[in-house]
Amino acid sequence: MHTLDFFTKKRLSFGLFVVVLLGLTYVTIIFTEYNVAKGFTSIPKAIRWATTNFYPDAASLKKLPSILLKLRDTVMMSVASATIASACAFFVAIFGAQTTRINVWFSVFARGIATIFRNIDVSAWALILLFSFGQSSFTGYFALFFVTFGFMVRVLIETIDEVSTDSVEALRATGASYFAIIAQSVVPSCLPQLVSWVLFMIETNIRSATLVGILTGTGIGYSFDIYYKSLNYHAASLVIIVIVISVLAIEAVSNWIRRAVL
Amino acid sequence: MPLLHIAKLSKRYGTDKYALDSIDFTVATGEFVAIIGPSGAGKSTLLRCINHMIPMTSGDVLIADASTKSMNATQLRAHRTQIGMIFQHYNLVNRLSVIENVLHGRLGYKSTAAGVMGWYSNAEKQQAVEILQNLGLSDHMYKRCDQLSGGQKQRVGIARALIQNPKLLLCDEPIASLDPSAAKIIMDTLKDINQRLGITIIVNLHQVDVAMRYAQRIIGINSGKIVCDAAPHSLTPDIIHEVYGSEAGELILDFGEQHAHA
Ligand SMILES: Nc1ncnc2c1ncn2[C@@H]1O[C@H](COP(=O)(O)OP(=O)(O)O)[C@@H](O)[C@H]1O
Ligand SMILES: [Mg+2]
(Lines give C-alpha, C1' and ligand atoms only; values in the text may rest on other atoms or scores of the structure.)
(Ligands and ions follow the chains in the order given, each with its own letter.)
Protein backbone atom coordinates (compact mmCIF):
# COMPACT_ATOMS: atom_id res chain seq x y z
CA MET A 1 0.00 0.00 0.00
CA HIS A 2 2.96 2.31 0.66
CA THR A 3 4.31 1.61 -2.83
CA LEU A 4 0.97 2.51 -4.42
CA ASP A 5 0.85 5.77 -2.48
CA PHE A 6 4.38 6.55 -3.59
CA PHE A 7 3.61 6.22 -7.31
CA THR A 8 0.29 8.07 -7.13
CA LYS A 9 2.02 10.91 -5.33
CA LYS A 10 4.81 11.02 -7.90
CA ARG A 11 2.34 11.11 -10.82
CA LEU A 12 0.28 13.85 -9.13
CA SER A 13 3.26 16.08 -8.47
CA PHE A 14 4.45 15.70 -12.08
CA GLY A 15 0.96 16.61 -13.36
CA LEU A 16 0.91 19.64 -11.12
CA PHE A 17 4.32 20.69 -12.42
CA VAL A 18 3.11 20.55 -16.06
CA VAL A 19 -0.03 22.56 -15.26
CA VAL A 20 1.98 25.26 -13.46
CA LEU A 21 4.48 25.45 -16.33
CA LEU A 22 1.74 25.83 -18.96
CA GLY A 23 0.03 28.48 -16.80
CA LEU A 24 3.26 30.45 -16.42
CA THR A 25 3.93 30.34 -20.18
CA TYR A 26 0.41 31.61 -20.88
CA VAL A 27 0.67 34.45 -18.36
CA THR A 28 4.04 35.61 -19.73
CA ILE A 29 2.74 35.55 -23.32
CA ILE A 30 -0.18 37.76 -22.27
CA PHE A 31 2.05 40.18 -20.37
CA THR A 32 4.73 40.59 -23.04
CA GLU A 33 2.14 40.70 -25.80
CA TYR A 34 4.24 38.11 -27.63
CA ASN A 35 2.50 36.88 -30.75
CA VAL A 36 3.44 33.22 -31.15
CA ALA A 37 2.26 32.96 -34.76
CA LYS A 38 4.06 36.14 -35.81
CA GLY A 39 7.24 34.95 -34.10
CA PHE A 40 7.31 31.87 -36.32
CA THR A 41 6.33 33.59 -39.56
CA SER A 42 9.14 36.16 -39.20
CA ILE A 43 11.82 33.44 -39.34
CA PRO A 44 11.79 33.14 -43.17
CA LYS A 45 11.93 36.93 -43.43
CA ALA A 46 15.02 37.02 -41.22
CA ILE A 47 16.72 34.38 -43.34
CA ARG A 48 15.92 36.35 -46.52
CA TRP A 49 17.46 39.50 -45.00
CA ALA A 50 20.58 37.65 -43.87
CA THR A 51 21.25 36.11 -47.27
CA THR A 52 20.92 39.44 -49.06
CA ASN A 53 22.93 41.62 -46.63
CA PHE A 54 24.86 39.51 -44.16
CA TYR A 55 27.88 38.18 -46.06
CA PRO A 56 31.44 39.50 -46.38
CA ASP A 57 32.23 41.38 -49.57
CA ALA A 58 35.57 42.43 -51.11
CA ALA A 59 35.69 45.78 -49.28
CA SER A 60 35.15 44.14 -45.90
CA LEU A 61 38.07 41.76 -46.46
CA LYS A 62 40.38 44.79 -46.15
CA LYS A 63 39.30 44.95 -42.49
CA LEU A 64 40.47 41.38 -41.91
CA PRO A 65 43.91 42.26 -40.41
CA SER A 66 42.42 44.58 -37.79
CA ILE A 67 39.69 42.02 -37.06
CA LEU A 68 42.32 39.32 -36.54
CA LEU A 69 44.24 41.61 -34.20
CA LYS A 70 41.10 42.04 -32.09
CA LEU A 71 40.51 38.29 -32.24
CA ARG A 72 43.99 37.74 -30.84
CA ASP A 73 43.16 40.03 -27.88
CA THR A 74 39.98 38.10 -27.20
CA VAL A 75 41.65 34.68 -27.43
CA MET A 76 44.53 35.80 -25.18
CA MET A 77 42.11 37.14 -22.59
CA SER A 78 40.11 33.91 -22.66
CA VAL A 79 43.15 31.69 -22.30
CA ALA A 80 44.70 33.81 -19.56
CA SER A 81 41.49 34.04 -17.54
CA ALA A 82 40.74 30.32 -17.94
CA THR A 83 44.20 29.08 -16.93
CA ILE A 84 44.92 31.47 -14.07
CA ALA A 85 41.42 31.13 -12.61
CA SER A 86 41.70 27.34 -12.85
CA ALA A 87 45.01 27.33 -11.01
CA CYS A 88 43.47 29.41 -8.20
CA ALA A 89 40.40 27.18 -8.25
CA PHE A 90 42.51 24.05 -7.82
CA PHE A 91 43.92 25.32 -4.52
CA VAL A 92 40.52 26.32 -3.22
CA ALA A 93 39.03 23.00 -4.38
CA ILE A 94 41.63 21.08 -2.37
CA PHE A 95 40.40 22.82 0.77
CA GLY A 96 36.79 22.31 -0.28
CA ALA A 97 36.88 18.61 -1.20
CA GLN A 98 35.89 16.13 1.47
CA THR A 99 38.94 13.96 0.70
CA THR A 100 41.53 16.69 1.20
CA ARG A 101 39.90 19.33 3.37
CA ILE A 102 41.67 20.53 6.48
CA ASN A 103 38.52 21.31 8.39
CA VAL A 104 34.80 21.38 7.77
CA TRP A 105 34.30 25.13 7.99
CA PHE A 106 36.98 25.84 5.42
CA SER A 107 35.23 23.42 3.12
CA VAL A 108 31.84 25.08 3.61
CA PHE A 109 33.47 28.46 2.99
CA ALA A 110 35.19 27.28 -0.23
CA ARG A 111 31.97 25.79 -1.58
CA GLY A 112 30.03 28.95 -0.65
CA ILE A 113 32.47 31.24 -2.45
CA ALA A 114 32.32 29.01 -5.52
CA THR A 115 28.52 29.09 -5.55
CA ILE A 116 28.42 32.89 -5.38
CA PHE A 117 30.98 33.37 -8.15
CA ARG A 118 29.39 30.76 -10.35
CA ASN A 119 25.80 31.86 -10.04
CA ILE A 120 26.41 35.45 -11.05
CA ASP A 121 26.37 35.42 -14.85
CA VAL A 122 29.37 36.64 -16.78
CA SER A 123 27.45 39.60 -18.23
CA ALA A 124 26.31 40.56 -14.73
CA TRP A 125 29.94 40.43 -13.56
CA ALA A 126 30.93 42.62 -16.50
CA LEU A 127 28.28 45.19 -15.56
CA ILE A 128 29.34 45.17 -11.91
CA LEU A 129 33.02 45.49 -12.80
CA LEU A 130 32.33 48.30 -15.29
CA PHE A 131 31.89 50.51 -12.23
CA SER A 132 35.39 49.70 -10.93
CA PHE A 133 37.45 49.39 -14.08
CA GLY A 134 35.36 51.22 -16.69
CA GLN A 135 35.49 50.12 -20.31
CA SER A 136 38.84 48.34 -20.24
CA SER A 137 40.13 44.85 -20.81
CA PHE A 138 40.44 44.42 -17.02
CA THR A 139 36.67 44.38 -16.78
CA GLY A 140 36.34 41.57 -19.27
CA TYR A 141 39.29 39.71 -17.82
CA PHE A 142 37.97 39.73 -14.27
CA ALA A 143 34.42 38.91 -15.34
CA LEU A 144 35.71 35.79 -17.11
CA PHE A 145 38.09 35.05 -14.24
CA PHE A 146 35.35 35.06 -11.59
CA VAL A 147 32.94 32.87 -13.53
CA THR A 148 35.70 30.41 -14.48
CA PHE A 149 36.90 30.35 -10.87
CA GLY A 150 33.45 29.56 -9.48
CA PHE A 151 32.79 26.87 -12.04
CA MET A 152 36.21 25.24 -11.71
CA VAL A 153 36.10 25.11 -7.91
CA ARG A 154 32.87 23.20 -8.13
CA VAL A 155 33.92 20.66 -10.78
CA LEU A 156 37.36 20.16 -9.23
CA ILE A 157 35.86 19.46 -5.80
CA GLU A 158 33.73 16.78 -7.43
CA THR A 159 36.68 15.43 -9.40
CA ILE A 160 38.94 15.21 -6.36
CA ASP A 161 36.31 13.39 -4.33
CA GLU A 162 35.56 11.07 -7.22
CA VAL A 163 38.99 10.01 -8.41
CA SER A 164 41.39 10.35 -5.50
CA THR A 165 39.60 9.33 -2.28
CA ASP A 166 40.98 5.78 -2.26
CA SER A 167 44.59 6.60 -3.06
CA VAL A 168 44.60 9.52 -0.61
CA GLU A 169 43.55 7.08 2.11
CA ALA A 170 46.39 4.75 1.16
CA LEU A 171 49.02 7.49 1.21
CA ARG A 172 47.72 8.83 4.50
CA ALA A 173 48.18 5.32 5.90
CA THR A 174 51.85 5.26 4.81
CA GLY A 175 52.50 8.34 6.95
CA ALA A 176 52.97 10.70 3.99
CA SER A 177 52.66 14.42 4.75
CA TYR A 178 49.64 16.42 3.58
CA PHE A 179 51.36 18.21 0.70
CA ALA A 180 53.13 15.03 -0.43
CA ILE A 181 49.73 13.34 -0.64
CA ILE A 182 48.38 16.21 -2.76
CA ALA A 183 51.38 16.16 -5.09
CA GLN A 184 51.74 12.40 -5.42
CA SER A 185 48.12 11.31 -5.46
CA VAL A 186 45.56 14.08 -5.98
CA VAL A 187 47.39 15.91 -8.77
CA PRO A 188 48.19 12.88 -10.95
CA SER A 189 44.72 11.40 -10.44
CA CYS A 190 42.93 14.62 -11.37
CA LEU A 191 45.23 15.75 -14.16
CA PRO A 192 43.23 14.51 -17.18
CA GLN A 193 39.99 15.95 -15.86
CA LEU A 194 41.74 19.18 -14.90
CA VAL A 195 43.18 19.63 -18.39
CA SER A 196 39.88 18.74 -19.98
CA TRP A 197 37.95 21.28 -17.90
CA VAL A 198 40.51 24.03 -18.51
CA LEU A 199 40.14 23.47 -22.26
CA PHE A 200 36.38 23.53 -21.90
CA MET A 201 36.62 26.84 -20.02
CA ILE A 202 38.87 28.32 -22.74
CA GLU A 203 36.22 27.42 -25.34
CA THR A 204 33.43 28.81 -23.19
CA ASN A 205 35.38 31.98 -22.39
CA ILE A 206 36.01 32.76 -26.06
CA ARG A 207 32.27 32.70 -26.64
CA SER A 208 31.55 34.76 -23.52
CA ALA A 209 34.43 37.15 -24.24
CA THR A 210 32.82 38.09 -27.52
CA LEU A 211 29.61 39.12 -25.76
CA VAL A 212 31.42 40.76 -22.85
CA GLY A 213 33.53 42.68 -25.38
CA ILE A 214 30.37 44.40 -26.63
CA LEU A 215 29.76 45.69 -23.09
CA THR A 216 33.34 46.62 -22.25
CA GLY A 217 34.37 47.89 -25.66
CA THR A 218 37.26 45.50 -26.12
CA GLY A 219 38.26 42.64 -28.39
CA ILE A 220 36.37 41.11 -31.23
CA GLY A 221 32.96 41.78 -29.67
CA TYR A 222 33.75 45.48 -29.94
CA SER A 223 34.65 45.13 -33.65
CA PHE A 224 31.32 43.49 -34.28
CA ASP A 225 29.52 46.18 -32.32
CA ILE A 226 31.06 49.06 -34.30
CA TYR A 227 30.53 47.51 -37.71
CA TYR A 228 26.99 46.51 -36.89
CA LYS A 229 26.03 49.90 -35.49
CA SER A 230 27.63 51.68 -38.46
CA LEU A 231 25.44 49.48 -40.71
CA ASN A 232 28.54 47.80 -42.22
CA TYR A 233 26.83 44.41 -42.29
CA HIS A 234 29.43 42.89 -44.61
CA ALA A 235 32.25 43.53 -42.17
CA ALA A 236 30.06 42.44 -39.24
CA SER A 237 29.37 39.15 -40.97
CA LEU A 238 33.10 38.70 -41.54
CA VAL A 239 33.59 39.09 -37.77
CA ILE A 240 31.01 36.36 -37.15
CA ILE A 241 32.71 34.03 -39.63
CA VAL A 242 36.11 34.66 -38.00
CA ILE A 243 34.62 33.89 -34.57
CA VAL A 244 32.97 30.69 -35.76
CA ILE A 245 36.17 29.49 -37.43
CA SER A 246 38.30 30.23 -34.39
CA VAL A 247 35.84 28.55 -32.01
CA LEU A 248 35.79 25.43 -34.19
CA ALA A 249 39.58 25.46 -34.50
CA ILE A 250 40.07 25.75 -30.76
CA GLU A 251 37.59 22.97 -30.15
CA ALA A 252 39.48 20.74 -32.58
CA VAL A 253 42.80 21.53 -30.90
CA SER A 254 41.44 20.90 -27.43
CA ASN A 255 39.91 17.58 -28.47
CA TRP A 256 43.30 16.58 -29.79
CA ILE A 257 44.99 17.57 -26.51
CA ARG A 258 42.34 15.68 -24.53
CA ARG A 259 43.01 12.50 -26.46
CA ALA A 260 46.74 12.92 -25.95
CA VAL A 261 46.40 13.41 -22.17
CA LEU A 262 43.91 10.63 -21.40
CA MET B 1 56.61 -8.48 24.67
CA PRO B 2 53.41 -8.07 22.68
CA LEU B 3 53.70 -6.06 19.47
CA LEU B 4 50.21 -4.69 19.65
CA HIS B 5 47.86 -4.24 22.56
CA ILE B 6 44.32 -3.00 22.02
CA ALA B 7 43.06 -1.74 25.35
CA LYS B 8 39.33 -1.16 25.92
CA LEU B 9 39.07 0.41 22.49
CA SER B 10 35.69 1.97 21.69
CA LYS B 11 34.59 3.91 18.63
CA ARG B 12 31.39 5.78 18.06
CA TYR B 13 30.55 7.62 14.81
CA GLY B 14 28.70 10.77 15.87
CA THR B 15 25.80 9.78 18.04
CA ASP B 16 25.20 6.37 16.42
CA LYS B 17 25.51 3.24 18.49
CA TYR B 18 29.06 2.12 19.23
CA ALA B 19 30.79 0.63 16.16
CA LEU B 20 33.44 -0.80 18.50
CA ASP B 21 32.55 -1.54 22.08
CA SER B 22 35.45 -1.97 24.49
CA ILE B 23 37.65 -4.18 22.31
CA ASP B 24 40.51 -5.84 24.19
CA PHE B 25 43.19 -8.12 22.76
CA THR B 26 46.92 -8.55 22.34
CA VAL B 27 48.92 -9.62 19.29
CA ALA B 28 52.44 -11.05 19.61
CA THR B 29 55.18 -10.37 17.08
CA GLY B 30 54.95 -12.75 14.11
CA GLU B 31 51.32 -13.75 14.58
CA PHE B 32 48.90 -14.17 11.65
CA VAL B 33 45.50 -13.10 12.93
CA ALA B 34 42.23 -13.20 11.00
CA ILE B 35 39.28 -11.05 12.02
CA ILE B 36 35.92 -12.38 10.87
CA GLY B 37 32.41 -11.09 11.24
CA PRO B 38 29.32 -10.04 9.28
CA SER B 39 29.40 -6.76 7.35
CA GLY B 40 28.92 -3.80 9.63
CA ALA B 41 30.47 -5.70 12.55
CA GLY B 42 33.24 -3.12 12.90
CA LYS B 43 36.19 -4.92 11.27
CA SER B 44 37.26 -1.99 9.06
CA THR B 45 36.76 0.44 11.92
CA LEU B 46 39.02 -1.66 14.14
CA LEU B 47 41.88 -1.73 11.61
CA ARG B 48 41.59 2.00 10.98
CA CYS B 49 41.76 2.77 14.70
CA ILE B 50 45.03 0.85 14.96
CA ASN B 51 46.83 3.22 12.56
CA HIS B 52 44.71 6.21 13.62
CA MET B 53 43.12 6.72 10.23
CA ILE B 54 39.99 7.41 12.24
CA PRO B 55 40.14 8.80 15.77
CA MET B 56 39.08 6.44 18.55
CA THR B 57 36.46 7.48 21.05
CA SER B 58 38.05 5.89 24.11
CA GLY B 59 40.61 3.28 25.08
CA ASP B 60 44.13 2.98 23.68
CA VAL B 61 46.28 1.24 21.08
CA LEU B 62 49.73 0.31 22.37
CA ILE B 63 52.65 -0.59 20.10
CA ALA B 64 55.45 -2.35 21.97
CA ASP B 65 53.84 -1.16 25.23
CA ALA B 66 53.92 2.49 24.14
CA SER B 67 50.62 4.33 24.14
CA THR B 68 49.57 5.98 20.86
CA LYS B 69 46.66 7.83 22.37
CA SER B 70 48.03 11.34 22.25
CA MET B 71 50.51 11.89 19.45
CA ASN B 72 51.52 15.06 17.65
CA ALA B 73 51.59 15.17 13.84
CA THR B 74 55.20 13.95 13.60
CA GLN B 75 54.63 11.05 15.99
CA LEU B 76 51.47 10.12 14.11
CA ARG B 77 53.38 9.93 10.82
CA ALA B 78 56.14 7.86 12.45
CA HIS B 79 53.49 5.53 13.90
CA ARG B 80 51.90 5.02 10.49
CA THR B 81 55.20 4.29 8.72
CA GLN B 82 55.59 1.19 10.92
CA ILE B 83 52.23 -0.16 9.80
CA GLY B 84 51.48 -1.20 6.21
CA MET B 85 47.88 -1.19 5.04
CA ILE B 86 46.25 -3.21 2.26
CA PHE B 87 42.80 -2.40 0.93
CA GLN B 88 39.92 -4.20 -0.73
CA HIS B 89 40.02 -1.84 -3.70
CA TYR B 90 43.84 -1.68 -3.80
CA ASN B 91 43.76 2.16 -3.50
CA LEU B 92 46.50 2.75 -6.06
CA VAL B 93 47.01 5.90 -8.11
CA ASN B 94 45.79 4.21 -11.28
CA ARG B 95 47.34 6.64 -13.72
CA LEU B 96 50.85 6.19 -12.34
CA SER B 97 53.22 3.31 -13.08
CA VAL B 98 53.59 0.27 -10.85
CA ILE B 99 56.99 1.32 -9.53
CA GLU B 100 55.83 4.85 -8.72
CA ASN B 101 52.97 3.38 -6.71
CA VAL B 102 55.36 1.11 -4.84
CA LEU B 103 57.67 4.03 -4.01
CA HIS B 104 54.71 5.87 -2.45
CA GLY B 105 55.32 3.53 0.48
CA ARG B 106 58.48 5.53 1.26
CA LEU B 107 56.69 8.89 1.54
CA GLY B 108 56.18 8.47 5.27
CA TYR B 109 59.95 8.67 5.82
CA LYS B 110 60.38 11.87 3.79
CA SER B 111 60.31 15.58 4.49
CA THR B 112 57.41 17.46 2.92
CA ALA B 113 59.67 18.93 0.22
CA ALA B 114 61.17 15.56 -0.78
CA GLY B 115 57.70 14.01 -0.70
CA VAL B 116 56.14 16.71 -2.87
CA MET B 117 58.95 16.46 -5.41
CA GLY B 118 58.99 12.66 -5.31
CA TRP B 119 62.72 12.40 -4.60
CA TYR B 120 63.61 8.75 -3.98
CA SER B 121 67.15 7.47 -3.33
CA ASN B 122 68.73 4.82 -5.50
CA ALA B 123 68.60 2.41 -2.58
CA GLU B 124 64.84 2.95 -2.36
CA LYS B 125 64.40 2.38 -6.09
CA GLN B 126 66.53 -0.76 -5.87
CA GLN B 127 64.41 -2.05 -3.00
CA ALA B 128 61.23 -1.39 -5.00
CA VAL B 129 62.62 -3.40 -7.92
CA GLU B 130 63.55 -6.31 -5.62
CA ILE B 131 60.16 -6.40 -3.94
CA LEU B 132 58.42 -6.37 -7.32
CA GLN B 133 60.63 -9.24 -8.50
CA ASN B 134 59.76 -11.26 -5.41
CA LEU B 135 56.06 -10.68 -6.04
CA GLY B 136 56.37 -11.74 -9.70
CA LEU B 137 55.72 -8.28 -11.13
CA SER B 138 59.07 -7.52 -12.76
CA ASP B 139 57.53 -7.57 -16.25
CA HIS B 140 54.96 -4.94 -15.27
CA MET B 141 57.17 -2.48 -13.42
CA TYR B 142 56.73 0.42 -15.84
CA LYS B 143 53.14 -0.29 -16.80
CA ARG B 144 50.36 1.98 -15.65
CA CYS B 145 48.34 0.41 -12.85
CA ASP B 146 45.06 0.70 -14.75
CA GLN B 147 46.41 -1.90 -17.18
CA LEU B 148 46.76 -4.57 -14.47
CA SER B 149 44.37 -7.29 -13.35
CA GLY B 150 42.84 -7.16 -9.87
CA GLY B 151 45.26 -9.73 -8.50
CA GLN B 152 48.24 -7.82 -9.91
CA LYS B 153 46.94 -4.55 -8.46
CA GLN B 154 46.67 -6.14 -5.05
CA ARG B 155 50.27 -7.34 -5.30
CA VAL B 156 51.30 -3.74 -6.09
CA GLY B 157 49.38 -2.74 -2.94
CA ILE B 158 51.33 -5.34 -0.96
CA ALA B 159 54.62 -4.10 -2.46
CA ARG B 160 53.77 -0.54 -1.43
CA ALA B 161 53.18 -1.74 2.13
CA LEU B 162 56.36 -3.86 2.22
CA ILE B 163 58.66 -1.04 1.15
CA GLN B 164 57.64 0.75 4.34
CA ASN B 165 59.61 -1.98 6.18
CA PRO B 166 56.59 -2.36 8.45
CA LYS B 167 56.33 -4.27 11.72
CA LEU B 168 52.66 -4.91 11.14
CA LEU B 169 50.42 -5.33 8.10
CA LEU B 170 46.73 -4.45 8.30
CA CYS B 171 44.72 -6.01 5.47
CA ASP B 172 41.10 -4.91 5.05
CA GLU B 173 39.31 -7.62 3.04
CA PRO B 174 42.24 -7.99 0.62
CA ILE B 175 40.58 -10.72 -1.45
CA ALA B 176 36.95 -9.56 -1.43
CA SER B 177 37.16 -8.22 -5.02
CA LEU B 178 39.22 -11.09 -6.47
CA ASP B 179 38.42 -14.38 -8.19
CA PRO B 180 39.37 -17.56 -6.29
CA SER B 181 42.71 -18.17 -8.02
CA ALA B 182 43.91 -14.56 -7.59
CA ALA B 183 42.64 -14.68 -4.00
CA LYS B 184 44.74 -17.77 -3.33
CA ILE B 185 47.87 -16.08 -4.70
CA ILE B 186 47.29 -13.08 -2.45
CA MET B 187 46.67 -15.19 0.67
CA ASP B 188 49.74 -17.34 -0.09
CA THR B 189 51.78 -14.17 -0.52
CA LEU B 190 50.62 -12.84 2.84
CA LYS B 191 51.41 -16.18 4.50
CA ASP B 192 54.86 -16.10 2.93
CA ILE B 193 55.50 -12.54 4.12
CA ASN B 194 54.46 -13.58 7.61
CA GLN B 195 56.71 -16.66 7.71
CA ARG B 196 59.73 -15.45 5.76
CA LEU B 197 59.94 -11.83 6.93
CA GLY B 198 58.35 -12.35 10.33
CA ILE B 199 55.95 -9.46 9.76
CA THR B 200 52.85 -9.59 11.96
CA ILE B 201 49.64 -9.71 9.95
CA ILE B 202 46.07 -8.84 10.86
CA VAL B 203 43.62 -9.55 8.07
CA ASN B 204 39.89 -8.85 7.91
CA LEU B 205 38.08 -11.60 6.09
CA HIS B 206 34.54 -12.31 5.15
CA GLN B 207 35.16 -15.99 4.34
CA VAL B 208 35.46 -18.26 7.36
CA ASP B 209 37.07 -21.09 5.35
CA VAL B 210 39.93 -18.84 4.18
CA ALA B 211 40.49 -17.62 7.72
CA MET B 212 40.60 -21.22 9.01
CA ARG B 213 43.11 -22.24 6.32
CA TYR B 214 45.61 -19.40 6.73
CA ALA B 215 45.38 -17.85 10.19
CA GLN B 216 46.96 -19.02 13.43
CA ARG B 217 44.27 -17.27 15.36
CA ILE B 218 40.75 -16.13 14.59
CA ILE B 219 38.98 -13.25 16.28
CA GLY B 220 35.24 -13.10 15.63
CA ILE B 221 33.47 -9.73 15.92
CA ASN B 222 29.78 -9.01 15.98
CA SER B 223 28.20 -5.58 16.57
CA GLY B 224 31.49 -4.11 17.73
CA LYS B 225 32.20 -6.80 20.33
CA ILE B 226 34.61 -9.72 20.33
CA VAL B 227 32.57 -12.92 20.46
CA CYS B 228 35.41 -15.38 19.98
CA ASP B 229 39.21 -15.45 20.02
CA ALA B 230 40.57 -18.89 19.30
CA ALA B 231 42.80 -21.12 17.21
CA PRO B 232 41.19 -22.19 13.90
CA HIS B 233 40.82 -25.87 14.85
CA SER B 234 38.85 -25.05 17.96
CA LEU B 235 36.20 -23.14 16.01
CA THR B 236 32.84 -24.96 16.13
CA PRO B 237 29.68 -24.37 14.05
CA ASP B 238 28.06 -22.99 17.20
CA ILE B 239 30.74 -20.34 17.59
CA ILE B 240 30.53 -19.43 13.89
CA HIS B 241 26.78 -19.12 14.23
CA GLU B 242 27.34 -16.79 17.14
CA VAL B 243 29.72 -14.62 15.08
CA TYR B 244 27.40 -14.38 12.12
CA GLY B 245 24.29 -14.60 14.31
CA SER B 246 22.46 -11.40 13.36
CA GLU B 247 23.13 -11.94 9.64
CA ALA B 248 21.70 -15.45 9.78
CA GLY B 249 18.74 -14.06 11.73
CA GLU B 250 18.09 -11.44 9.05
CA LEU B 251 18.16 -14.08 6.34
CA ILE B 252 15.45 -16.02 8.16
CA LEU B 253 13.36 -12.85 8.53
CA ASP B 254 13.63 -12.07 4.80
CA PHE B 255 12.56 -15.58 4.06
CA GLY B 256 9.49 -15.23 6.27
CA GLU B 257 8.48 -11.90 4.67
CA GLN B 258 8.65 -13.36 1.18
CA HIS B 259 6.21 -16.03 2.24
CA ALA B 260 3.83 -13.52 3.76
CA HIS B 261 3.64 -11.60 0.44
CA ALA B 262 3.07 -14.68 -1.72
N1 LIG C 1 32.34 6.94 8.33
C2 LIG C 1 31.32 6.38 9.04
N3 LIG C 1 30.34 7.17 9.55
C4 LIG C 1 29.32 6.65 10.26
N5 LIG C 1 29.17 5.35 10.52
C6 LIG C 1 30.11 4.50 10.04
C7 LIG C 1 31.21 4.97 9.27
N8 LIG C 1 31.98 3.92 8.93
C9 LIG C 1 31.39 2.83 9.45
N10 LIG C 1 30.25 3.17 10.12
C11 LIG C 1 29.35 2.25 10.84
O12 LIG C 1 30.12 1.52 11.79
C13 LIG C 1 29.74 0.17 11.81
C14 LIG C 1 30.94 -0.70 11.51
O15 LIG C 1 31.35 -0.50 10.17
P16 LIG C 1 32.63 -1.19 9.53
O17 LIG C 1 33.76 -1.04 10.46
O18 LIG C 1 32.80 -0.66 8.16
O19 LIG C 1 32.18 -2.72 9.48
P20 LIG C 1 32.79 -3.94 8.64
O21 LIG C 1 34.10 -3.51 8.09
O22 LIG C 1 32.87 -5.04 9.64
O23 LIG C 1 31.80 -4.26 7.57
C24 LIG C 1 28.61 0.01 10.81
O25 LIG C 1 27.40 0.07 11.51
C26 LIG C 1 28.77 1.21 9.91
O27 LIG C 1 27.52 1.61 9.42
MG1 LIG D 1 34.70 -3.37 6.03
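This is a predicted model: local features need pLDDT of at least 70, side-chain atom pairs count only at pLDDT 80 or more; totals for chains, interfaces and linings use all residues.
## A hairpin in chain B

E9(B) and E10(B) make a hairpin with 2 residues between them, and B:Ser223 in the turn has a positive phi of about 50°. Strands here, like helices, are DSSP runs numbered from the N terminus (E, at least two residues, for strands; H or I, at least four, for helices). The pairing of E9(B) with strand E10 (residues 225-230) of chain B is antiparallel and runs over 5 bridges; strands count as paired if DSSP finds at least two bridges between them.

Residues are numbered from 1 along each chain as its sequence is written, chains are lettered from A and ligands numbered from 1 in the order in which they are written, and side-chain values use heavy atoms, with hydrogens and water left out.

## Strand E9 and its surroundings

What about the other neighbour of E9(B)? Strand E3 (residues 32-36) of chain B is joined to E9(B) by 4 bridges, and these two strands run parallel. Here B:Ile35 finds its bridge partner in B:Ile219 of E9(B).

Strand E9 (residues 217-222) of chain B has 6 of its 6 residues buried, so it is largely enclosed by the rest of the structure. Buried stands for under 20% relative accessible area, exposed for over 50%, and partly exposed for values in between (1.4 Å probe, protein chains only). In a regular strand the side chains alternate between the two faces of the sheet. In E9(B), B:Arg217, B:Ile219 and B:Ile221 point one way, B:Ile218, B:Gly220 and B:Asn222 point the other way, and all are buried.

## An open sheet in chain B

Chain B also has an open sheet of 4 strands, in the order E2-E1-E4-E5, with antiparallel pairing. Strand E2 (18-28) and strand E5 (66-67) of chain B stand at its edges with a single partner strand each, so one side of each is left without a neighbour in the sheet. The partner strand E1 (residues 2-12) of chain B is joined to E2(B) by 7 antiparallel bridges; one of the residue pairs is B:Ile6 with B:Phe25 in E2(B).

## Chain A, a helical chain

Chain A holds 11 helices and 0 strands. Its radius of gyration, taken over C-alpha atoms, is 24 Å, whereas a compact globule of 262 residues would have one near 18 Å (the globule rule is 2.2 Å times the number of residues to the power 0.38). The C-alpha trace of chain A spans about 70 × 60 × 40 Å along its principal axes.

Of the 262 residues of chain A, 38% count as buried. Among the contacts in chain A with a separation of 6 or more, 75% are between residues 24 or more positions apart, where contact means heavy atoms within 4.5 Å.

## Positive phi values

Most residues other than glycine have a negative phi, and most peptide bonds are trans. A:Leu231 has a positive phi near 65° and sits in the loop between helix H10 (219-229) and helix H11 (233-261) of chain A. A:Leu231 is exposed, with a relative accessible area of 58%.

B:Ser223 is partly exposed, with a relative accessible area of 40%.

## Cavity and pocket

The structure holds 1 cavity of 30 Å³ or more, and about 30 Å³ of space lies in the largest cavity. On a 1 Å grid over the protein atoms alone, a cavity is a set of points where a 1.4 Å probe fits but cannot get out, and a pocket is an open set with protein on both sides within 12 Å along at least five of seven lines; lining residues have an atom within 4 Å of a point. Grid points are joined across faces, edges and corners, and a volume is the space filled by probe spheres set on the points. Lining residues of the largest cavity include A:Ala170, A:Thr174, B:Met85 and B:Arg160, and E6(B) gives the most, with 3 residues.

The largest pocket has a volume of about 550 Å³. Of its 19 lining residues, A:Thr99, A:Thr100, A:Arg101, A:Val168 and A:Arg172 lie nearest its centre. Two or more residues each come from H8 and helix H9 (178-216) of chain A and from helix H2 (73-81) of chain B.
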